[in-house]
Structure formats: structure tokens, C-alpha cells
Amino acid sequence: MIPNQWYAVLSSHVLKKGQILGARRFGKDLVFFRSGSGNVSIMTSLCAHRGASLAKGCLTDGNIACPFHGIQYDLKGKCVHIPSEGLSSKQDFSRFNLIYYPSREIGGIIFAWYGNKEPDHEPDYFKVITDSSYTYDHTEDAWKVQYSRVIENQLDVSHLAFVHHNTIGRGNKKVCNGPKVVWLDDNTMQTSANNEVDIGQTPKSADESMIKDTNLTFKFPNMWLNHVTDKILILAFFIPVDDENSIIALRFYNKITGIRAIDKMIAWLGSRANRIVEKQDKRIVETQLPKVTGTRMTEMLVAADLPIVEYRSKRKELQDKANDKPKEKANSEDPNSNSMTNTLSKGGTAMPLMNTKAMYKLSYGLFVCTAVRGDKMNGCITNTAVQVASEPNRISIAINKANFTHDMIKESGACNISVISKDAKFELFKHFGFQSGREVDKFAPDAIDALSKALEEGAQTKIYETADNGIPYITAGTNAYFSLKVDKEVDLGSHTLFICEPTFMTVLSDTPSCTYEYYQSDIKPKPRPIGTTPKGETVWKCLICGYEYIGEDLPDDFICPICKHGKDDFEKIIK
């Protein structure tokens, strides 16, 4: 998420006067309600008293009342009445106050402020939503990826001939000229698909390309407009549910005839066409991993991905600005840089730039976390399993929400942790860490047999046993295992921290445990000499898109031809 932004989160038509609606947004369970006067309020949904959902409550005198004990909250989440304390109570109920999300309602769309401060600007939106000369039809669909993935799909111009070969991508136009990206203002970027049939030509550069009349415009943080013609516009807002789910809200606007009844019918038909195209996208995008995108990923991008690179870069810039972070320096080991003087000014105080490479100095153990749901077994690699208390004995594990194992633990409330030893081979990490249990069955007999042969060069070796809790634990390349029962959960954003009670533990071998540092230095295969040339020149790799520059020195003014990032975002691969 980008903090301190107005997000379009709900269509007005689903929230009637006097109505209460529970909905998940920003990874939180929220409650929306519209008072009798028409004002919209958004706040966290659980009553501070006993945790009952206010979505099941009712409106009383303009306040929302908890269905459990009648505790009332006003439009800003302030606790104004606790019935059991009596009407004449003079107590301060501020400890019951709920988190409140400021809201605006514009053009039939409800915007919510997500941030760590009060709003300092109003929502930025496309004027069509308030233009009464247009009529529109509204549809929505839920996607099983974070909203950033859905946005990037709408900015992707090179997938049209493949994903939409029989709809909007007809014509087999596979060659992508550019694409050109222009910034209409600091918050709004525009691009267009300028594609051609491949007859052997070289694609035009972004500078040589053009923004066509049919174009795409995106406003941060989550609103997009497809300008088909001046009389036909398709608007979308990408609703952030949580890190694994989002909702795409699509509106087909038109004023083709100027007769509202006819234009309304056209909009309805346009929405049906939108849904066909949207379903084609959804089928593919839901397979992408990870479910959340960012600037530093393992993807290898091409020139046609420039709109996506621009989106990611701007999103990162806005996130850093909201979190008061300095811009990252890729070449933090520059010998000419003095860490004592490399500072920024904040409120008159010198503040050192943050060197994120310090994270690599932390030492971790490595583990295989396994879980069972129904007849499905799965496991993943984690480096965060530690004892956090001795009386009572508790072990914490942090599991990424994108992992299938995470979902299995949340549902079953149990898992096993196998401690990886220095005897482990890279194939063990590859099997449990480099593929998703949503896509493959890691414990299928054929998969286990292949892993066994890979670990022992053809010989059969036992990979796992089943513990008394019915969950497998790994015996190959490990020195101990723990059976864990989940006691508490803590939402950490991208991860869930499970606080667990050990129900069984035992030692499997005396081989020392594998640390993250040992894995990097002694187990993980050394990077292949990417881009090795016959002359053995140095290769510089762009951390943003993967482009490789060959040469001993990278010019200070070098600009990546793919993503347009400068020297600071390149690293030296070989020398």
C-alpha cells in the first residue's frame, strides 16, 4: 500500500441510507455505514468491548450500535455511549474509540483515506465520474492477487495479442512500438498500445512512438481510464482487499446518442463486453507469483514493460515519501562515500542514509515448515523460527501470506518445523522453496522420488516421516524437528507471526544447523557468469528490469534503455 492516499474503495450504490456494510479493505475488516442524513463513515469493524462485528449492528440516532451490548460509536469512531454504564455516566470512554478512516463521496464512488496522518489533499479523480452528460454501468469482480498486480495488467500493452487474441487483441499485432509514457501531472501517467504485425521490422523506441487517441491513463493510487473515444470511456478502480485479494470495479461510460435511456442500454452491453475481456486477464494474472509486486523482483522485463516500470518506480517513490525514507542508493559500497557524512536533513537534525545491506548481516537459521489440510500436504522454507519464551515454552514462526503453507496453518492451527542442517543440499531448498504448493504437489510420490534421487545421485533416501500430529517432518538434510500447535497469531502485513506451543520435539542428528550465511556461501550455487562475453568483459545488470550492460565501467550518465533508470540501479555481476 501507499500510505497517505485516497483510495477508491466502494461504489456508492451498494450503501443505502441507514445501511451498514462490512467489507475487507487494506487488509483490515472495516464497516461502512450511511447515516440517515446521507453521510458515509468508515471504521474498523470490531467493537472494542468484546470484539463483536459492528456489521451486524444497527444505526441509532446517527451512531452505529454494537449488536452484542449496544455500545454506540459516532461517525468518527468515537465511543459515545455504553448502555451498561447508564445515560448519566461521566466516564471517559476514549479507550473504546475505534480507528476511523476519513471518507469522501464523489461521482458515485466512496474514497477512503489510508495513512498515518490527517488528509492533506483531496482525492484525485477523472472528471468523467462527475460529468452528468455520460451514463454508465458498473460491474465488479474479485481477483486472488494484490491490487498492484491488477493495475500492472491494465498497463501491460504486450499481452493483448495473446491473452485477448479473439477480443480487443485481434489482428496478431505482436510487435510493440515504444511504448511511450508521459506524465500529465505528478500523479497521472498516460500510455497507449502502439502495436503492429511482425513483418520483420525493428520496434520503434519510446521516443519515436506516439500516444494514440485510444489510450490508457492511470491516477495514483488506484484509478485507471481507457479513452476509447470522446464518447466512450472505460473507468476502473482497483480495490485493495489484502495482500492476496483485490476487487476490480469497472464502469462503462458513454454518451453516444445523448438519449439517456438508449445510452444506458449501450452502457449495459458495454459492461458485458468488459467482463469478457476482464475474465481473460484474470485467468492469467491469478497465476502470477508473487501476488504483490515491487521494484526489485526476479522478473526479466523488456522494453514493452516501460509503463509497468514507471508505475512501480512511482509507487515506490510515494511509499518512501510517506514513510519518510531516503531514496535507496544501489552503490552503497562506493569507496568515495563516507558513511559518517552521508546524511540528509530532517527537521534540522542530521539523519544517516539507511543502508539496507545491513539486513544481510543478520544471521538466521533455515527450516522447512510443513502443514496438512485435509488430504493435502505442503511445505515451505522459512528463516524465522525462534524460541520467544521459556515459561511457558513458545516458538514463533513468521510465514509469508503468499505461501500456501500459510493458509494451511491458519486453517489447521498446527505445523511442524524441521531444522535444516549443513548436510542439506540445494535441491532440498529448491524443492520446498522455489515452487508454490498451489501449483504443484510437493509430497506427490513422483515428486518425492525425484527429490530423493537428486539428493543422493540416484540412490533412494527417505525424505520425510509423519509425526504423531499427522503432519510430515523432513528427515533428509535436517537435524531436529518440532511439532507445533498455534496459540496466537499476529498480523505483520506481508507475514503472519504464529506464536506456537511445542507439543513434541526431538534431535535427528548432531550435524550443525545451517545458517542463512552458510546457505549463501556453501550451499547455494554461485551465480552463473551472466552475460559472459568471449573477451571476459564486466557485466552490469539493472536491478529494476534485468537489462545487461557490457563494459568495465558504467558511464555516470548511463540510462537503461528498457526501464530508463540510471547508474544507481545497476550492480556489477562479474569482473
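Colleague: What covers the buried residues of α5?
Modeller: The cover includes β22 (367-373), β23 (376-382), β25 (393-400), β26 (414-420), β29 (478-491) and β30 (495-507). Contact here is heavy atoms within 4.5 Å.

Colleague: Which residues of α5 are buried?
Modeller: Helix α5 covers residues 404-412, and its buried ones are Phe 404, Thr 405, His 406, Met 408 and Ile 409. Buried is under 20% relative accessible area, exposed is over 50%, and partly exposed is in between (1.4 Å probe, protein chains only). Helices (H or I, at least four residues) and strands (E, at least two) are DSSP runs numbered from the N terminus.

Colleague: Where do these coordinates come from?
Modeller: It's a predicted model, with local features needing pLDDT of at least 70, side-chain atom pairs counting only at pLDDT 80 or more, and totals for chains, interfaces and linings using all residues. Residues are numbered from 1 along each chain as its sequence is written, and side-chain values use heavy atoms, leaving out hydrogens and water.

Colleague: What follows α5?
Modeller: Gly 413, with a positive phi near 75°.

Colleague: Switching to the open sheet of seven strands, what's its order?
Modeller: Going across, you get β11-β19-β18-β17-β16-β14-β13, paired antiparallel. The edges are β11 (135-143) and β13 (181-185), each pairing on one side only. Pairing needs at least two DSSP bridges between the strands.

Colleague: How many bridges join β14 to β16?
Modeller: Four, and β14 runs antiparallel to β16, residues 215-219. Met 189 sits opposite Phe 218 of β16.

Colleague: And Thr 191, where is that found?
Modeller: In strand β14, residues 188-191.

Colleague: Is Thr 191 buried or exposed?
Modeller: Buried, because its relative accessible area is 0%. Leaving aside residues up to four places away in sequence, Thr 191 touches Pro 179, Lys 180, Val 181, Ile 211, Asn 215, Leu 216 and Pro 307.

Colleague: Which strands does α4 touch?
Modeller: β13, β14 and β16: α4 packs on the sheet there, its direction making about 40° with that of β13. For angles (0 to 180 degrees between N-to-C directions), axes are lines fitted to C-alpha atoms, for helices over the stretch in contact.

Colleague: What about α1, which strands does that lie across?
Modeller: Across β11, β16, β17 (223-229), β18 (232-242) and β19 (245-254), with α1 running at about 155° to β18.

Colleague: How do the axes of α1 and α4 cross?
Modeller: At roughly 145°, coming within 9 Å; α1 is residues 147-155 and α4 is 306-322.

Colleague: Which residues in α1 meet α4?
Modeller: Tyr 147, Ser 148, Arg 149, Ile 151, Glu 152 and Leu 155, against Pro 307, Ile 308, Tyr 311, Arg 312 and Arg 315 in α4.
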